[in-house]
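Please examine the arrangement of the strands and the boundary between the chains displayed below.

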2 protein chains.
Amino acid sequence: MSHTDTPSPRTRLVREPQRAVYDRAEAYRILDEAFLCHVGFVADGQPYVIPTSYGRDGDVLYIHGSAASRMLRQLDAGVPVCITVTLLDGLVLARSVFNHSMNYRSVVVLGTATLISDLEGKLRALRLLSEHILPGRWEDSRQPNHKELKATSVLRLPIDEFSAKVRTGPPIDDEEDYAFPTWAGVLPLEMTVGRAINDPRLEPERALPEYLQGYTRKR
Amino acid sequence: MSHTDTPSPRTRLVREPQRAVYDRAEAYRILDEAFLCHVGFVADGQPYVIPTSYGRDGDVLYIHGSAASRMLRQLDAGVPVCITVTLLDGLVLARSVFNHSMNYRSVVVLGTATLISDLEGKLRALRLLSEHILPGRWEDSRQPNHKELKATSVLRLPIDEFSAKVRTGPPIDDEEDYAFPTWAGVLPLEMTVGRAINDPRLEPERALPEYLQGYTRKR
């Protein structure tokens, strides 16, 4: 799985090709650290972009179809989608405005998403989604019943056509700008986890489970 | 500006309408706290979703066109886009898997983006973008020259057709699930700012400017 894929004309990076990453293993590291994606689809010529969570199983992404019911209306044999995942790592402050940038890691997956119709498949995908976001939670929750499974739609997108883009490190200024009298460097940004807040209806003796202590996306 | 807009058929929320916010002031608070958006556009029937930064000036959003050169290829009188901004506030852990959710605030803006062609207009938009991300930085950097301005493309999208969606607070479980023996509540997530990292080529005497100290997106 850790081979380098050849980009298609649609996923070959046009801008800043030096930031391109076509290595599947690196793309998967990004997909595994994040859990929020933005899914794009088209309805009546208008693009829509909807935030939702996802899970990965090998070379397949799963998303909740419920996040995009407009998309599902037109779903028969499948719907062309773009799933984009972005991790923001910092503001990059160069001497020149023009060379300001951001440090980030992003993955774009293009393809045709299809609905999972069988309940077995849905259950498996939902478990993957749940474990992707919070490992251990599935076994510690009341799992979906038949009615809920039927009411849930899950989409499947093979990770065939994809690209990743990564920027790290300090700003790169034009040589003549290094003398410009300003501060330059990186302001790191990170998603951090706060202290868990008990549900007001939680029984007082219920302790925070181990899988929630020290929760982090870092792999 | 703080009036409630009527949703169009395209921005009326289909799923979870109880989370819908059509109030322009609240949408603008979300747009002003974030600075990363995901812009969706269509090329040859395929949707693309690209992360990029943006700025807001009244009822207009500005984005770097360079972030989406595929989009610009087909740009004449304008291109249909969707700009989506998402702030993730927490994982919502219910007793049932089915009622798990996230706390978030998101805005979706639909419309036709047009290129800014005059250099004056570009300069103004770039300044807005810069000040949106980091107030004070523009005056403290080497500002764009004629050549850079010409090489930069900036898109303008009026905030006419939009919707926002907000979820806050504890999980909502089905009544019969409240007795299920598990922890329930919210795990807060937040974007935090790390300690600024000097560019390796920074002069040693250059101190961190005031506008970078205590940088936060909270308004």
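I197(A) has V186(B) as its bridge partner in β9(B). This contact belongs to a pairing of strand β10 of chain A (residues 197-198) with β9(B), antiparallel over 2 bridges; two strands are said to pair if DSSP finds at least two bridges between them. Helices (H or I, at least four residues) and strands (E, at least two) are DSSP runs, numbered from the N terminus. The model is predicted, so local features need pLDDT of at least 70 and side-chain atom pairs count only at pLDDT 80 or more, while totals for chains, interfaces and linings use all residues. Residues are numbered from 1 along each chain as its sequence is written, and chains are lettered from A and ligands numbered from 1 in the order in which they are written.

Across the boundary, 78 residues of chain B are in contact with 78 residues of chain A, contact meaning that the C-beta atoms, placed from the backbone, lie within 7 Å. On the side of chain B that touches chain A, β9(B) provides the largest share, 9 residues. That side comprises 46 nonpolar, 19 polar and 13 charged residues (nonpolar: Ala, Val, Leu, Ile, Met, Phe, Trp, Tyr, Cys and Pro; charged: Asp, Glu, Lys and Arg; polar: the others, Gly among them).

Within chain A, strand β3 (residues 46-57) runs antiparallel to strand β4 (residues 60-64), joined by 4 bridges, and Y54(A) stands opposite I63(A) in β4(A). Their hairpin has 2 residues between the strands, and G58(A) takes a positive phi near 60 degrees there. β4(A) also pairs with strand β7 of chain A (residues 154-158), antiparallel over 5 bridges, where L61(A) faces L157(A) in β7(A).

Technical notes:
Contact = placed C-beta atoms within 7 Å.
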